[in-house]
Amino acid sequence: MRLWPLSRNSYPKQFVPLLGKTTLFQAAARRLSGETDRFAFTRPMVLTNASFRFIVAEQLVVEGIDPDAILIEPESRNTAPAILAAALHLAARKPGAIMLVAPSDHVISDVSAFQRAVGKGLAAVRKGDLVTFGIQPTRAETGYGYLEIASRPDGSGDAISLSSFVEKPNVVRAEEMVATGKYLWNAGIFLFAVKDIIAAFERHASALFATVRLSVEQAETDLGFLRLAPEPWKKTDGVAIDYAIMEKAENLSVVPYDAGWSDLGDWNAVWGHMQPDENGVALSGGATAVDCHNSLLRSESEGMEIVGLGLDNIVVVAMSDAVLIADKSRAQEVKNVVTALRDKGAVQAETFPKDHRPWGWHESLLIGSRFQVKRITVLPGASLSLQSHFHRSEHWIIVEGTAKVTVDRDISVLTENQSIYIPLGVQHRIENPGRIPMVFIEIQTGPYVREDDIVRYEDRYAQTRTILRDQ
């Protein structure tokens with residue numbers, strides 16, 4: 001929540017283009033795909049929850065990456081169950097596989113150096129070790145856990161025996177640890193043979209192993225995704241891999257890494273990676289700085305121009321529905337802003353203005369007491385459900401691409417600058433038969449223009465269902 005308003009619960013930072021046009025998730029998928037000088041990655045496996053499954057699939061398609069599998073967690077249970085589920089799914093088909101586990105929201109600037117570090121880790125894995133990766137500290141950071149290593153890194157990059165895991169320290173303790181040279185930041189990246197990590201779970205977390213195994217064995221395919229079975233998953237303890245396995249296992253080693261890494265934990269970190277100019281100013285989108293220093297200005301809304309005049313050490317992030325203005329030195333406290341908004345019931349605390357759906361996305365441009373204007377994007381080959389409304393009629397104006405429109409029993413094809421009227425209560429559907437995204441403006445009019453005024457008759461992405469609001 002430290003990257004609010006651009007990162008929110010409904011659309012977290014890994015799916016947002018924080019640095020350039022590529023998202024952190026896309027960069028991670030690309031980094032863990034294809035061949036390197038030392039080894040070749042197989043197709044990546046992704047674990048996510050149901051809310052993000054179509055975003056994951058869409059962003060992989062953009063990168064031209066065909067995943068081995070996308071596993072859907074019924075609910076969040078932390079890293080240990082997720083990693084075990086992936087290992088069990090992989091072991092059923094490739095029992096001799098080696099698995100690299102990496103978060104999708106980190107920045108690794110030198111991909112070649114990271115891949116060389118993975119190569120170093122492979123040597124330890126082949127000896128039966130469970131390997132983690134430690135980042136050489138650049139400061140006494142209190143926001144990360146640490147790894148205590150048996151000896152100082154010698155510069156070779158070879159794996160070192162891991163002595164212990166250390167929880168996030170206070171400032172004094174962090175300074176002491178960094179000064180010794182025998183502590184690394186815990187990056188949360190792991191490498192191990194599938195058979196070895198499964199054996200570790202059987203030995204150190206047998207109850208968790210039993211429920212996760214059932215969830216994988218009873219998993220069902222849904223639109224190309226693999227949904228883990230919810231009932232056994234509910235009985236699974238939510239625990240981190242560090243607690244469940246790594247702090248108990250004896251065959252541990254760590255690969256030191258110092259070639260550029262960040263978890264982009266706050267706007268200060270983003271500012272640094274945006275390569276500020278000679279005045280320390282970083283700009284993005286429609287942003288202009290006049291006599292500003294050490295500041296970050298980002299406009300994330302099309303057509304919105306923000307101007308900073310005489311700013312020093314300030315963060316400004318402007319979106320269509322929310323604007324953050326903060327002292328850059330207090331970037332870690334942005335999470336408190338989210339709490340304050342949540343306490344007052346502001347939807348901006350959690351909900352992103354662009355709502356992603358299986359067929360594309362929509363965003364509200366303007367809303368009044370008896371009308372709403374939306375911009376809706378439909379992906380190639382996708383379609384909205386066959387539906388009707390009790391309390392509103394709609395006007396559709398095609399602004400990009402080609403649309404196939406069903407209104408009652410009539411079917412028509414509309415192109416740019418053409419429009420159609422959807423009367424209240426009439427069954428209707430819009431589809432994109434083309435090869436490029438189709439965009440249309442929807443104008444809703446009526447006494448009630450919320451999402452729950454809908455009856456769905458056919459929906460290729462879910463079971464047919466009815467959602468009604470009594471008036």
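Which residues are buried in α1? In this predicted model, local features need pLDDT of at least 70, side-chain atom pairs count only at pLDDT 80 or more, and totals for chains, interfaces and linings use all residues. Residues are numbered from 1 along each chain as its sequence is written, and side-chain values use heavy atoms, without hydrogens or water.

The chain holds 11 helices and 30 strands. These are DSSP runs, numbered from the N terminus: helices are H or I with at least four residues, strands E with at least two. The C-alpha trace spans about 75 × 60 × 45 Å along its principal axes.

Of the 471 residues, 50% are buried, meaning under 20% relative accessible area (1.4 Å probe, protein chains only). Contacts (heavy atoms within 4.5 Å) were counted between residues at least 6 apart in sequence, and 66% of them join residues at least 24 apart.

Helix α1 covers residues 24–31. Its buried residues are L24, F25, Q26, A28, A29 and R31. Because 6 of its 8 residues are buried, α1 is largely enclosed by the rest of the structure. The cover over these buried residues includes two strands, β1 (45–49) and β4 (107–108). It also includes the helices α2 (53–63) and α4 (111–125).
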